[in-house]
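These are my notebook entries on one structure. I recorded each point as I looked it up.

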Amino acid sequence: MNGRRVLLVVGGGIAAYKVPELVRALRQAGCQVRCALTEAAAAFVSPLVLQSLTGQPVCRSLLSAGEEGQIGHIELADWAELVLIAPASADLLARMAGGHAGDLPTAVLLATRAPLLAAPAMNVNMWEHPATQANVALLRERGVRFAGPESGELACGWQGSGRMSEPGALAAQAALLLGTRSLAGARVLVTAGGTRERLDAVRVLANRSSGKMGFAVAAEAARRGAEVVLVAAPCALPTPAGVRRVDVESALEMREAVRAEAPGAAVVVMSAAVADFRPARPQSHKIKKEELAEDAGLHIELLRNPDILAELCAARPAAAPGAPPVPIVVGFAAESRDLLAAARRKLARKGCDLLVANDIRQPGGGFESDENAVVLLDAAGGAEELPRLPKAEVAAHLWDRVEKLREPGL
Ligand code: CTP
């Protein structure tokens, strides 16, 4: 984790006594560490100890001109590559779930785009309370990862679930989440979201893609150190940390953006749901009912859109024997029948190196969901079926596969 930037948000709880050891474990692994303390945390662990161990001033107050002058809360949020919340008290989890920003730690947690890893620690009854469990479920849904809590004897005298995970285990989880920098130096282009094809001044033809999968793919590539450009069709998602976003609307605009950004890319991942057709004559005004004969339907003529993925693959120069193709191209396939056979045909037709196929009829998988169950098909005939996983984890598997394809000689 050499040089990686970890922000440690310390909540108020007796487990805070383990935080100095956690700082040491992170520092020994090479991380730069900064600490942000809640008011309650400062009652359990000495800010001076944390300052000495991190070599950085401890951040505590949102309203202190001196502190904000050194590093403002937004700067701190942007600085972090990973935010580790340890201990994550019941109160801090509740405030995170509620989107509070009334003190420095919660403001930073709201402002950061870095991945969050929470290590809960509290009394077993507090942990098992439906309010806490609902907060944890909500935070998980938003992408917060959890480490622990462990079971055992608790500081309050109770037995059960509520002990903070050990510092060594937390540092190991942090290393996993920070990723490997394995894509450092590589330029990566990702498309995401569903394109919109204009029909008139107010109407569009759209599809159900939420963009979540493509955004997760872009975020994971950035975490692995790639220079990432994300060509995004309309979707209400925040740009992942370290990613340059180019917004487009229609398939034709996406094609232009891909053509402009693809040169120099080592990998292109096309996860966008591109409309296959567009209205032949989009109107600049609003189509009015009175323009149509009474009871007449509206007939829309549609033109075929270009296949951006197939065009990109066809334009690639032939790879030298034993060398990986440049760029490596990954396609997606949303299928509703005969998943494997249809996806295999699509891979051959489009000419890409890897195809991520999902069955859109599966409940909870695919569109709009936070999870996906996919099969990864490669051009050599290999197929890897993944279990239903959060999209961030699907993205990690995808990049593991792409990294293998980039190894020379394969
Ligand atoms: N794609 C593309 N341009 C299009 C349509 C699709 O680049 N005009 C890309 C998508 O980004 C995705 C892959 O092609 O990576 C497959 O998309 P999908 O909608 O599953 O397939 P289609 O090409 O639309 O084929 P079909 O309609 O037969 O399923």
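Entry 1. Why does Ser209 count as buried? I noted first that the model is predicted. I then looked up the relative accessibility of Ser209 and found 16%. Buried means under 20%, so Ser209 counts as buried at its value of 16%.

Entry 2. I next looked up where Ser209 sits in the chain. Ser209 belongs to the loop that runs between strand E10 (204-205) and helix H11 (212-223). Leaving aside residues up to four places away in sequence, I found that Ser209 touches Gly193, Gly194, Ala273 and Phe367. I also noted a polar atom in the side chain of Ser209 that lies 3.4 Å from the backbone nitrogen of Gly211.

Entry 3. A polar side-chain atom of Lys350 is 2.5 Å from an oxygen atom of the ligand. For Lys346, I recorded 2.6 Å between an N or O atom of the side chain and an oxygen atom of the ligand. On the backbone side, a polar atom of Ile308 lies 3.1 Å from a nitrogen atom of the ligand. On its own the ligand has 570 Å² of accessible area, and the protein covers 79% of that.

Entry 4. I looked up helix H6, residues 90-97, and found it mostly covered, with six of its eight residues buried. The buried residues in H6 are Ala90, Leu92, Leu93, Arg95, Met96 and Ala97. After H6 comes Gly99, and I recorded a positive phi for this glycine, near 70°.

Entry 5. Finally, I looked up the protein chain as a whole. I recorded 15 helices and 21 strands. The chain has 410 residues, and 50% of them are buried. Along the principal axes, the C-alpha atoms fill a box of roughly 75 × 60 × 45 Å. Among contacts with a separation of 6 or more, 68% join residues 24 or more positions apart. The chain exposes about 19200 Å², of which carbon and sulfur atoms supply 52%.

Definitions and conventions: Residues are numbered from 1 along each chain as its sequence is written. This is a predicted model: local features need pLDDT of at least 70, side-chain atom pairs count only at pLDDT 80 or more; totals for chains, interfaces and linings use all residues. Side-chain values use heavy atoms; hydrogens and water are left out. Helices (H or I, at least four residues) and strands (E, at least two) are DSSP runs, numbered from the N terminus. Buried means under 20% relative accessible area, exposed over 50%, partly exposed in between (1.4 Å probe, protein chains only). A polar contact is a pair of N or O atoms within 3.5 Å; within protein, one must be able to donate a hydrogen and the other to accept it, and residues adjacent in sequence count only if both atoms are side-chain atoms. Contact means heavy atoms within 4.5 Å. Accessible areas come from the Shrake-Rupley method with a 1.4 Å probe; for residues, only the protein chains shown count as cover.
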